[in-house]
Amino acid sequence: MFAHARTEIARTIARAIAPRKPMRVSEWAAGKRRLSRKGSAIPGSWDNSRNPLQIEVMDCFSARSPVHEAVALFPIQFGKSEIETNILGYTMEENPQPIMVVLPGEVSMNKWIDQKLNPLIDETPSLQRVLTSTGSRESSNRRSFKDFEGGQLYIEHAGNPVRLKSTSAGMVLVDEFSSFASALKSGDDPDAMLDGRTSGFPSTYKRFKVGTPEIAGLCRLTALWEKSDQRRWHWPCPDCGHEQSFEWSGLHWTPDGQRCWYACRDCGVVIEEHQKTELIARGRWLPKYPDRKIRGYHANCLYYPMGLGPRWIDLVGMWLDAQGDPAKLKTFINDRLAEAWEDPSLRKVKVNLIRDRRELYRLRIAPRGVLAITAGVDTQDNRLAVQILGWGRGMTCWVLDYVELEGDPGEEEVWAKLTDLLNRPIAHELGGWLNIEASAIDAGGHRTEHVKHFVRSRRVRRPMCIFGAVPNNAPILSRPKLEDVNYKGKLDKKGVHICHVGTVNAKHWLFQRLSADADAVPEARLIHLSEDLDDFYLDGLVSETFNPRKNRFEKNRGSVRNEPLDTFVYGYAAAHHHELRLHRASASDWDMREARLMGLSRQDYPVVSRGTRSTGVPDLPPPLDSRGTHQVPSPALLVRAAIDEVLCKLDREPMSRVDRARWAEWRSAAAGTPEEVAILDALTDQLDDLNSPIAALLDNALVQRARDVLRAPAQNTNARRVARGTRNSGLR
């Protein structure tokens, strides 16, 4: 008897001094978690076998797991919040530390506390024991704050930046991460602020972000998933053993939607839904990119456990019912397939597709079809972004140039560069020259008064001071509104006018045309992009996505600056100037513009070399095309176009070096006046050293002479001066 008692005492002491047996989150949930009737269809003890996909996700947050960050894309009612509450309860009891739970807004935060947190505490006695107090009047037990042994629990929402600051946490649990705002009221990024909360725990921190995706390009959850190892649950085929994941494309059904089945991707064997439970139980998570540090988990509605979600045939009915209804289709794709919704109009304007759409024409040389030119200017604190667009029949558009002029718009220097750029005529492929007929300059930001002063000074042709319109259904260009007042306090009719641009409508117009051009041949496209445009421009042109929930365009996650898109919109708005109205131009208006251009081309036609004229060719008229207009062969590069290209390269990339092939093209340029030829010869002579930056080679006096020559109209003794106050096409 005494010996037996001594043995029991020894065992008790051994258990007391033995190292604590490591426990995983799934083991804690199976042993201590009880589901409440308030939030579960099957109350009682937690059973991991009901949904095996949850086990590994939970165990990533065990005390000895090496995983620091995980993201999960699951369909609705898949147990996402239950996974979070299990992780929360385990951490409070087995691995205490400061914990922060974050939800998108205050309403969702209060709902989570009532439906998830309070039932967790009420149904888990072991969790109640670690709380410092359960009294409702205690400061350690508030609604959004719980104090427990070894740590504290903070429940916050991302609607207020103050709530995400001044809190250090070893674990951050983020629910419905895709619903977070793109930026807080303070201008901060909520995702970056949340990641900064764990900076005090560099070796032990853990972050879990879960939810259902929303809109492709804007969804934070999808963007983080793209950086993860992208795990999917693979199960073995019962016939061939091939491991694969459930995909919606693999589900088949009869035409009447009364029966459905899944087909193996490898052997095509029919898999009925009743086999799903066994197949899932034999499956495992397999990563696509095993070397990545972030764990990513994705599952769709086909993985719903039997009895805990819609059946496959019910999902087929939802899918068929959603066809033809974009709103229902978006909800099904987001909530059931756990995939990001992609706007059909933007599906064909992805960056990789746009890059393959570039055409063989040079910048600042207007191709055939261009009959008018406008410009859009975006104002930033340290630069002016300028885009020059050419317009033809049917509002077909050619991007003729995109330039960023460095300099503070609060100073005069950058406005002098803009004046010089917008006053230079653009060489046409057929000969002759086109001037920029209208410019729209954004006055938003910190340089509004400087923009107004520039527009007021009338240094360029038809300048417009514009702001983005607040209403989402605003017209492309509003009616001009007087802004300045005279000494009598009345509106000054000679002052600056303010116009508002309907950016939402303009961007819809652009993306619809880019989408329509996806399968068109280059000659039939509505938007033409030059091969000289770099990847930054093309990325920026499609850097925004339409958010139907907010009825506006928002910048894509991780995309480049959107100045190329903004300046395109402004250039399009300039085409709507009340004196131009290119969008309302009739066929006769375009014919008149084309006739004037061809007239200038014929007058410039005899010039076949630098300052010399042919003696035989002028006696023969140029050949006629199908419409009866003359087609004029143009030289490879005009002298004025070569000078313009040199100055643009100096403005854009002053520290770059000249390419040997391009330098040779400048030297061989033709059809210029003696003064233009002399200036081009002087420029190319100074650029003979191809190993030095262009800014270090060119003389300032010579550059100024070149600018003066380009600002003057092309030599044309027969050009008729347009009378003041009459409409003209902008051709000089």
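Trp391 and Tyr572 are both buried (buried means under 20% relative accessible area, exposed over 50% and partly exposed in between, with a 1.4 Å probe and protein chains only). The model is a predicted one, in which local features need pLDDT of at least 70 and side-chain atom pairs count only at pLDDT 80 or more, while totals for chains, interfaces and linings use all residues. Residues are numbered from 1 along each chain as its sequence is written, and side-chain values use heavy atoms, with hydrogens and water left out.

Aromatic rings turn up in pairs here: searching the whole structure gives 24 of them (rings of Phe, Tyr and Trp, the last by its six-membered ring, pair if their centres lie within 6.5 Å; planes under 30 degrees apart are stacked, over 60 edge-to-face and the rest tilted). Take Phe74 and Phe78, whose ring centres are 5.1 Å apart with planes at 50°, so this pair is tilted. Phe74 is buried at 0% relative accessibility, and Phe78 is buried at 3%. Trp391 and Tyr572 make a tilted pair too, because their planes meet at 40°, with ring centres 5.9 Å apart. This pair links distant parts of the chain, since Trp391 belongs to strand S19 (residues 383-391) and Tyr572 to helix H17 (residues 563-574), 181 residues apart. Helices (H or I, at least four residues) and strands (E, at least two) are DSSP runs, numbered from the N terminus. Elsewhere, Trp235, Phe246, Tyr262, Tyr303 and Trp312 come together as one aromatic cluster.

Helix H17 also holds Asp566, which is buried with a relative accessible area of 14%. The C-alpha atom of Asp566 lies 9.2 Å from that of Gln387, 179 residues apart along the chain. Leaving aside residues up to four places away in sequence, Asp566 touches Asp378, Lys507 and Glu544 (contact means heavy atoms within 4.5 Å).

S18 runs antiparallel to S19, joined by eight bridges (two strands pair if DSSP finds at least two bridges between them). Asp378 sits opposite Ala385 in S19, and the two strands S18 and S19 form a hairpin with three residues between them. S18 also pairs with strand S23 (residues 436-442), this time in the parallel sense over five bridges; there, Gly376 has Ala440 as its bridge partner.
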